[in-house]
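I opened my notebook to look up a few things in this model.

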Amino acid sequence: MSAKFEISFAKSAKLNGGLAILLKTADAESAAGVEVVDPAGVVAKAAKIARFSAKSMAALDIVAPEGSPVERIVAVGLGKAAELTPHDWLKAGGVAASKIKNTDKAAVFIEVPGLEVSARAAADFALGMLLRAYSFDTYKTKKNDEEDKPAKSVKVTVVTADPGAAKKAFSESEAIAGGVNLARDLVNEPPNVLGPVEFAAKAKDLEKLGIEVEILTEREMRRLGMGALLGVAQGSVRPPRLAVMQWKGGKGKDRPIAFIGKGVVFDTGGISIKPAAGMEDMKGDMGGAAAVIGLMHLLASRKAAVNAIGIIGLVENMPDGNAQRPGDIVTSMSGQTIEVINTDAEGRLVLCDALWYCNDRFKPQFMVNLATLTGAIVVALGNVHAGLFSNDDQLSAQLTAAGLATNEKLWRMPLGKDYDKLIDSKFADMKNTGGRQAGSITAAHFLKRFVQDTPWAHLDIAGTAMGSPQDEINQSWGSGFGVRLLDELVRAHYES
């Protein structure tokens with residue numbers, strides 16, 4: 001359960017107990033609000049003793065400050081003012097949220113001497129608080145360290161020069177938090193609870209926000225010829241689903257933009273079964289689909305002025321007497337045939353039919369797919385960047401810029417004919433893996449064969465969607481990676 005922050009914005013705050021949070025840059029002598037919350041000069045004295053220099057994201061926590069109207073004062077460092085980035089405001093909000101303990105009210109003095117703090121920065125700070133507050137403990141019957149947990153509901157007043165503008169900006173921040181935390185919830189859910197049918201129901205819930213949702217069953221997908229996706233699902237007793245979400249916030253004549261997610265709710269590897277160690281993490285193999293649902297939730301919540309399509313292929317990959325075998329040949333919706341060399345290279349089989357269906361039906365301006373596709377991308381990039389593959393330089397540049405703006409960073413990987421020929425098959429049009437070398441690249445080339453001339457990008461988020469390092473704004477195993485990134489892409493380039 002996430003802590004609930006009730007955040008408001010005002011020009012001043014009534015101080016009577018609770019917590020006061022001050023922000024300080026390394027090159028300012030003091031912080032705004034210090035004269036109100038610290039008439040006895042305790043902060044300056046404590047900073048000297050603790051050698052607190054307002055280094056970026058450092059914090060100074062003072063309990064029962066003498067002469068203060070509040071019970072605790074926390075000073076959060078922002079580093080040098082000239083080096084402050086937009087993402088630092090989110091991080092500072094996350095640090096502040098981590099310090100809110102044993103109180104039901106807090107006042108944040110966000111103005112910084114010598115620095116113009118915009119309404120957007122104030123809203124980003126509050127967004128950082130919301131993202132840091134998230135936790136997933138739904139299935140814990142015993143809670144530990146209750147004394148270190150924030151109250152279930154904390155009233156937070158952000159003191160700023162223009163509360164009206166900050167409140168307006170924060171309405172979008174709340175939409176972002178809602179989308180990210182929805183994606184986190186889905187990745188964190190156990191696989192016995194969240195199967196393809198249940199996942200599809202989560203997509204159906206978005207109708208409440210004005211999104212049109214269709215759920216294709218196995219019967220409809222078979223009629224469409226989605227043999228690649230259905231081949232992955234045939235080893236599971238849980239039937240597959242394809243969820244199609246449409247947000248129509250743009251002009252009627254505008255072609256939509258499209259996002260496609262891999263939704264393998266659990267991946268054993270099938271007949272090419274994975275090692276037992278760590279297999280429990282494969283409940284997160286639907287991180288791409290989770291990001292797409294989170295993004296669609298976000299776009300609808302903030303009434304984005306764009307026509308957007310979200311499509312997620314939902315399957316479970318299990319070993320069974322009916323499971324597909326290495327050596328099987330399946331026919332995709334495109335008519336292209338695929339030799340299944342390894343049943344653990346299943347995500348691309350799901351995505352290829354979803355990509356073809358999306359392109360054929362909606363004729364989008366571009367398609368971006370997200371998938372926890374390969375372990376090879378984790379070897380190449382670790383948990384810091386997601387892999388970016390694209391047939392379009394403009395779309396690639398836009399995505400890279402969006403990644404830098406949100407700190408959900410991407411690194412473009414190569415494509416080329418010499419890699420593409422590695423997935424040619426002796427017995428079919430292609431095989432589903434090119435072997436160990438260049439594994440992420442050959443996986444991307446497999447997908448590229450199903451997008452025709454449409455601008456397309458593939459984001460391999462295996463290292464960033466789950467089990468990525470915790471930071472100031474994410475303490476969850478499921479990170480929700482991709483939601484803020486793609487919202488920034490839409491916001492910067494595609495809203496009418």
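Predicted model: local features only at pLDDT ≥ 70, side-chain atom pairs only at ≥ 80, totals over all residues.

Entry 1: Strand β12 covers residues 337–339 and pairs with β16 in the parallel sense, over two bridges. I reminded myself that strands of a sheet pair through backbone hydrogen bonds, either parallel or antiparallel. Then I traced the sheet: it is open, has three strands and runs in the order β11-β12-β16. Its pairing is mixed. The edge strands are β11 (329–331) and β16 (430–431), and each pairs on one side only.

**Entry 2: two domains.** I looked up how the protein is divided. Domain 1 spans 4–133, and domain 2 spans 177–494. Their C-alpha centres lie 40 Å apart. The contact takes eleven residues from domain 1 and eleven residues from domain 2.

**Entry 3: the interface.** How much area do domain 1 and domain 2 bury between them? I found about 960 Å², with 62% of it on carbon and sulfur atoms.

I then checked the polar side of the story. Between domain 1 and domain 2 I counted zero salt bridges. The interface does have three residue pairs in polar contact, both residues at pLDDT 80 or more. On the side of domain 1 that touches domain 2, helices α3 (86–98) and α4 (119–133) each supply at least two residues. The residues of that side divide into six nonpolar, three polar and two charged.

**Entry 4: salt bridges.** I searched the whole structure and found 23 salt bridges. I picked one to look at. The side chains of Glu172 and Arg120 meet at 3.9 Å, N to O. What does this pair tie together? Glu172 lies in helix α5 (residues 163–188) and Arg120 in helix α4, so the pair ties together parts that are 52 residues apart in sequence.

Technical notes:
Residues numbered from 1 in each chain as written. Heavy atoms only, no water. Domains from an automatic or database assignment. Contact = heavy atoms within 4.5 Å. Buried area = accessible area lost by both parts, 1.4 Å probe. Salt bridge = Lys/Arg side-chain N within 4 Å of Asp/Glu carboxyl O. Polar contact = N/O pair within 3.5 Å; in protein donor to acceptor, adjacent residues only side chain to side chain. Helix = DSSP H or I, 4+ residues; strand = E, 2+ residues; numbered from the N terminus. Nonpolar A, V, L, I, M, F, W, Y, C, P; charged D, E, K, R; others polar. Pairing = 2+ DSSP bridges.
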